[in-house]
Amino acid sequence: MKKILLTVLFIFLIEGCSQKTVVHNVTLEEHILSTLEDGDEIDLNELTDFTWDTAYLFTPYTTQESINKHLGVTFKDPSNIDHRDDIFLLIFMEGGDVIQYAEISREHGDLSVVDGMEIKPEKAMLKVEN
């Protein structure tokens with residue numbers, strides 16, 4: 001019994017240590033909000049100071065299942081966007097891992113991506129629709 005308990009504890013310890021920390025980027029949220037006040041397009045490359053290879057913009061009421069399907073990984077959405085209509089959820093990935101996210105208020109308009117939900121650094125423009 002003691003060996004089983006230690007094995008289970010070891011597995012939980014390994015799993016807990018292997019989880020990457022996902023940063024809630026409040027600074028990026030503030031930069032995007034100030035940009036929303038001034039223009040009709042946002043270049044994410046100008047506002048990000050970290051390396052990313054893919055980002056996704058999720059609209060209000062997007063379900064957890066849909067988020068995970070698009071990301072291709074399990075990500076526990078801390079914003080609870082599936083119950084909210086006041087934000088967009090912007091998730092950044094690198095190498096298949098979620099690295100950062102931002103909750104973008106809808107107070108200055110709605111956001112859209114030209115080509116679906118996926119954003120690449122080569123074409124990192126968001127459109128603001130008032």
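Asn 25 is buried, because its relative accessible area is 12%, under the 20% cut-off. The model shown here is predicted. Asn 25 sits in the loop between β1 (23-24) and α2 (26-38). A polar atom of the Asn 25 side chain lies 2.8 Å from the backbone nitrogen of Leu 28. What else does Asn 25 contact, once neighbours within four places in sequence are left aside? The partners are Phe 50, Gln 100, Tyr 101 and Ala 102.

Now turn to Thr 51. This residue also has a loop position, between α3 (44-47) and β3 (54-58). Is Thr 51 buried or exposed? Its relative accessibility is 55%, so Thr 51 counts as exposed, the cut-off being over 50%. Leaving aside neighbours within four places in sequence, Thr 51 is in contact with Glu 94 and Ile 99. Thr 51 and Ile 99 are 48 residues apart along the chain. Their C-alpha atoms are separated by 9.4 Å.

Next, the chain as a whole. The protein chain holds four helices and eight strands. From the N terminus on, their order is α-β-α-β-α-β-α-β-β-β-β-β. How much of the chain is buried? Of its 130 residues, 37% are buried. The protein chain exposes about 8100 Å². Carbon and sulfur atoms supply 54% of that area.

Contacts along the chain can be sorted by sequence separation.

Definitions and conventions:
Residues are numbered from 1 along each chain as its sequence is written. This is a predicted model: local features need pLDDT of at least 70, side-chain atom pairs count only at pLDDT 80 or more; totals for chains, interfaces and linings use all residues. Side-chain values use heavy atoms; hydrogens and water are left out. Helices (H or I, at least four residues) and strands (E, at least two) are DSSP runs, numbered from the N terminus. Buried means under 20% relative accessible area, exposed over 50%, partly exposed in between (1.4 Å probe, protein chains only). A polar contact is a pair of N or O atoms within 3.5 Å; within protein, one must be able to donate a hydrogen and the other to accept it, and residues adjacent in sequence count only if both atoms are side-chain atoms. Contact means heavy atoms within 4.5 Å. Accessible areas come from the Shrake-Rupley method with a 1.4 Å probe; for residues, only the protein chains shown count as cover.
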